[in-house]
Amino acid sequence: MRRVAGRGLLVCLTLAGAVSATAQPVNWPRENPPSPLPAREVIFPPYEVRTLANGLPVVVVMHHEQPAVNLRLILRAGAASDPRSKNGVAALMGQLLDQGTTSRTATEIAETVDSIGGIINVGVGTDLSFVNVLVLKDSFEFAADLLADVVRNPLFAPAEIERQRQQVLSGLQVSYDDPAYLAGVVFGRLVYGFHPYGMPHNGTPESVPGLTRDDLRAFHDTHFAPNNALLAVVGDVDAEAAFAAVERVFGDWERKTLPPPPSAEMPPPTRRVIVIDKPGSVQTAIRVGQVGLQRTSPDYLTYDVAIKILGGEGGNRLGSVLRIERSLTYAASAEMASRRFGGDFMAKTDTRSDATAEALRLIVDEVARLRRERVSRRELRNAQAYLAGSFPLTLETPNAIAAQVLESLLYGLDLDDLPTYPDRIDAVTVNDIQRVSRAYLQPQRLSIVLVGEASAFLDDLPGVGFDTVEVLSVDELDLMSADLRRSSTDDGNPRP
Amino acid sequence: MLRVTPAVPPCRLRWVACLGAVVGMVITSTVVETAVRPPKLDYQLHTLDNGLTVILSEDHSTPIVHLQLVYRVGSKNELPGRTGFAHLFEHMMFKGSRNVLPDSHLTLISQVGGDGNAYTTEDATTFLETVPAQYLPLVLWLEADRMATLRIDEATFDAERQVVKEERRWRYEDTPFGLLSEIMYDQAFSVHPYKHTAIGSMEDLEAASVEDVRRFFDTYYVPENATLVLVGDFESAEALDLVKQYFDRVPAAKQPVPRDIPREPSQNEERRVTITENENWPLPAVIVAHHITYDGHPDAYPLHIAAKLLSDGQSSRIFRRLVYDDQLAVSAFGQGHIIEDPNLFYAVSIVQPGRTSEESEAALIGEFDRLKTELISEQELQRAKNQFARDYVLGRATVEQKASHLSHAAVIHDDITTADAEFDIFMNITREDVRRVAETYFTSENRLVLTIRPPAPGGRSFLPPGGGQ
């Protein structure tokens with residue numbers, strides 16, 4: 001499909017082509033899409049929030065169709081709270097939460113959870129850690145007990161630490177062969193520098209071996225407290241029973257004085273192109289972006305619409321240009337990551353090695369165009385139609401509802417804004433999009449990461465405007481060094 | 001889009017106070033003798049004059065509707081030299097029809113706040129949309145338009161072929177262990193088209209012609225080969241009228257849909273293969289695979305139970321032995337890929353640095369053998385059933401999931417009642433059933449032992465020497 005100015009012209013060409021191209025039923029009518037049925041009312045489903053005396057906010061979303069209950073606990077501390085020299089401690093701590101408590105061994109936890117058909121998930125993000133316990137409704141009280149135990153009383157047994165450390169290191173070994181992982185962690189370092197948001201969540205081959213049991217305990221002692229947590233109880237449970245169970249297992253959890261949040265300056269956006277040479281690759285992973293907005297920014301919603309026009313659902317200029325027009329990729333997109341203290345936007349695609357320079361130029365051009373030109377009314381309207389129109393799809397499951405409530409609580413947003421999301425989307429104007437694009441996009445200062453077979457595209461980069469490029473191999477990569485490169489005295493083996 | 005996932009049938013649960021090996025006083029107070037049984041799906045089944053199967057299931061909990069249109073054609077219907085074609089064709093279904101411009105199908109859906117997608121498996125190709133409920137006429141109209149009048153031309157076909165090649169590079173070739181399934185199936189099968197995976201080979205994608213597209217469309221994209229499922233906020237009578245309005249006018253097939261798939265001869269001696277993969281293979285992988293039966297065969301249900309025992313949760317046998325206790329593996333699992341024609345039950349170990357492939361092989365084979373030599377415990381059987389019940393409940397939370405259960409029953413089982421009836425079948429599986437199927441299928445003659453190694457050692461390692469202990 002070519003980009004043709006004027007929709008009418010394209011229609012004529014297409015219909016003429018179609019008639020000659022296929023043997024179609026003679027009687028098949030030419031017609032426009034049918035009108036919709038009368039619209040249904042969309043109601044944000046009910047939920048309830050109460051806060052325990054110790055400061056733990058508890059959300060209950062009842063849903064009685066399927067006999068399951070999910071308990072979701074979020075702590076407001078994640079990998080960004082790793083001490084600088086202890087990179088990966090939050091992630092390792094998280095992996096150990098369900099590997100034994102002061103009253104249950106790892107094996108006992110696994111046996112009991114599996115025997116009732118339950119699931120326990122633990123994990124660590126940038127700004128948060130979480131524990132989810134999901135059970136069929138009969139086991140709700142057990143699930144509450146288990147959740148409280150793994151959150152409050154993890155043992156961090158030395159043998160379990162070594163097991164999980166081994167898993168993290170083996171996992172990193174696999175990840176260092178994964179272009180998507182490499183592109184993501186290097187992009188983080190370029191955009192955020194040494195700000196905690198730029199550090200790899202799981203640590204590095206250099207940092208993980210040095211983490212100690214005391215480090216894990218210290219992280220847990222510092223950040224795990226009711227006044228630093230959120231809890232949701234979701235599913236086939238009565239609200240009063242849910243609150244009573246939560247009070248029973250978390251009511252005596254003591255408040256703590258919390259440390260100040262991680263504070264560090266975001267580096268200013270700087271143009272930098274890093275190529276990670278991975279010989280034998282058939283594609284190049286391309287990541288392009290820069291610092292964006294924190295979640296609480298008043299411009300968050302508008303900028304999100306702008307980035308969706310660039311590369312998201314309901315818009316996606318990148319997909320139109322790179323996939324539909326030029327067949328350069330299976331997927332091209334752009335998205336915002338917005339956290340408590342900052343965020344970024346990232347455009348990404350993966351393309352065959354010899355098309356790397358072309359695809360990179362097209363992405364950078366689209367970022368520049370979004371800043372330079374006003375978006376058309378129609379393009380904005382399409383994006384709004386998707387974002388506002390899909391609102392009922394986001395309310396289908398109780399977990400999806402709970403996720404929206406938890407996100408609001410986590411970032412201190414107004415819960416009353418949840419039901420008005422479609423209205424707030426519809427209020428965005430073309431001028432708003434242009435204002436935020438001009439305010440926040442700096443196309444001359446993009447962070448760019450290319451992971452692939454360097455010899456297949458390096459010579460093409462100057463021709464598309466990128467003549468200053470840093471190239472390093474995977475084995476030279478050191479995420480903790482300012483230039484991302486191992487020092488020359490380093491033999492490439494992990495430090496003890 | 002291509003998604004190859006085994007469809008796992010649901011199961012039945014019975015909570016019993018079976019403590020035995022299960023540890024801790026917690027259990028005593030939490031496991032009770034009640035059956036937590038999810039509600040049955042309520043549906044209607046119709047067949048239009050042109051042969052289209054129609055399934056309607058009302059769900060008024062959210063004002064949305066999900067449409068799923070399943071064509072009973074997948075990569076196992078591909079001819080030699082045309083691997084990957086069913087999936088490539090799936091992409092062509094987004095390239096326009098008489099009333100729909102190329103690439104505008106998904107735009108028309110997103111403009112009403114809907115989501116659309118498609119995926120291709122070995123057995124079927126599924127097109128799906130979820131939209132706010134009032135847009136049911138739009139998605140019916142869109143699907144009927146492309147079923148009747150797909151636009152097929154050389155230029156769009158060549159362009160989309162490039163997109164699919166990028167998909168193959170991205171999803172399989174440049175991802176660690178991405179080619180594991182492709183290598184395994186190529187080694188395990190000789191003549192059945194399950195020998196190749198749905199993405200196909202680059203050579204065959206290159207060889208496909210626009211004439212192939214036309215023939216495939218005329219042969220398989222006909223109403224009698226399709227099942228339309230609607231789940232969501234509608235009144236069935238009104239929805240059926242709309243279905244008829246848009247689909248009755250799609251002409252019936254001119255010839256019967258071919259079903260001649262080559263049969264795989266039985267394997268009579270163990271196959272052992274070692275392969276070196278030069279790219280994107282960071283650690284050795286050991287695969288132990290056995291040929292099994294088809295989805296719906298009575299043996300299929302105990303095989304699902306065996307998969308639960310081996311791999312569901314941190315107390316499952318393979319995880320416990322290979323990953324936790326002996327630390328032979330970074331990751332290890334076993335599962336039955338139980339689909340329309342007989343496929344494989346396989347276990348995989350990604351070998352922990354410092355440990356050997358031979359140790360993983362022995363441990364995996366040991367776990368298969370143990371299912372034959374020892375009856376599983378009552379507790380393990382009950383645990384597996386409880387895990388099935390959980391999957392059953394969690395697997396029916398959305399309109400899309402409900403539609404998938406209904407379409408799977410109707411298309412693959414050719415019996416929509418199995419969407420609910422399998423719960424009772426699982427309920428009645430015994431320990432002896434599990435041993436019987438293990439004895440039937442997990443034999444050495446029926447086994448493939450495949451080791452896939454990275455290039456010569458000396459590569460990157462983040463572990464201290466002698467690690468893995």
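## Two domains in chain A

Chain A splits into domain 1 (48-250) and domain 2 (272-465), with bounds that come from an automatic or database domain assignment. The C-alpha centres of domain 1 of chain A and domain 2 of chain A sit 29 Å apart. Where they touch, 24 residues come from domain 1 of chain A and 27 residues from domain 2 of chain A. Two residues are "in contact" here if their C-beta atoms, placed from the backbone, lie within 7 Å.

On the domain 1 side of that contact, β2 (57-62), β3 (68-75), α6 (179-192) and β6 (229-235) of chain A each give two or more residues. The largest share, 8 residues, belongs to α6(A). For the classes, Ala, Val, Leu, Ile, Met, Phe, Trp, Tyr, Cys and Pro count as nonpolar, Asp, Glu, Lys and Arg as charged, and the others, Gly among them, as polar.

## What kind of model this is

Before going further, a word on the ground rules. This is a predicted model, in which local features need pLDDT of at least 70 and side-chain atom pairs count only at pLDDT 80 or more, while totals for chains, interfaces and linings use all residues. Residues are numbered from 1 along each chain as its sequence is written, and chains are lettered from A and ligands numbered from 1 in the order in which they are written.

The model scores ipTM 0.91 and pTM 0.92. Chain B averages a pLDDT of 90, and 90% of its residues score at least 70; pLDDT is the predictor's confidence in each residue, from 0 to 100. Two stretches of chain B stay under 50: residues 1-34, with 94 contacts beyond four places in sequence, and residues 465-469, with 11 such contacts.

## Chain A as a whole

Chain A has 15 helices and 12 strands. Its radius of gyration is 25 Å, close to the 23 Å that the globule rule gives for 496 residues, so chain A is as compact as a globular protein of that length. (The radius is taken over C-alpha atoms, and the rule is 2.2 Å times the number of residues to the power 0.38.) Along the principal axes, the C-alpha atoms of chain A fill a box of roughly 75 × 70 × 45 Å.

Of the 496 residues of chain A, 50% count as buried. A residue is buried if 20 or more other C-beta atoms lie within 10 Å of its own, exposed if 12 or fewer, and partly exposed in between, with C-beta atoms placed from the backbone. Among contacts in chain A between residues at least 6 apart in sequence, 81% join residues at least 24 apart.

## Chain B and its domains

Chain B is assigned domain 1 (44-247) and domain 2 (266-453). Their centres, over C-alpha atoms, are 28 Å apart, and the contact takes 33 residues from domain 1 of chain B and 30 residues from domain 2 of chain B. On the domain 1 side, α6(B) gives the largest share, with 5 residues. That side has 16 nonpolar, 11 polar and 6 charged residues.

## Where the chains meet

How many residues of chain B are in contact with chain A? There are 89 of them, facing 85 residues of chain A. Several elements of chain B supply at least two residues each to this side, including α4 (136-149), α5 (154-173) and α13 (378-394). By class, the chain B side has 41 nonpolar, 30 polar and 18 charged residues.

## Nonpolar cores

A nonpolar core is a set of buried Ala, Val, Leu, Ile, Met, Phe, Trp, Tyr and Cys residues joined through C-beta atoms within 7 Å. The largest one has 199 residues, and A:Val135, A:Ala143, A:Leu147, A:Val233 and B:Ala306 touch the most other members. Helix α4 (residues 140-152) of chain A gives the most to this core, 9 residues. Another core, of 70 residues, lies apart from it and has B:Leu52 and B:Ile416 among its members.

Most residues other than glycine have a negative phi. A:Asn316 is not a glycine, yet has a positive phi of about 75°. A:Asn316 sits in the loop between α9 (300-311) and α10 (317-325) of chain A and counts as buried, because it has 24 C-beta neighbours inside 10 Å.

B:Asp103, also not a glycine, has a positive phi of about 60°. B:Asp103 lies in the loop between α2 (85-92) and α3 of chain B. With 19 other C-beta atoms within 10 Å, B:Asp103 is partly exposed.

Notes:
Helix = DSSP H or I, 4+ residues; strand = E, 2+ residues; numbered from the N terminus.
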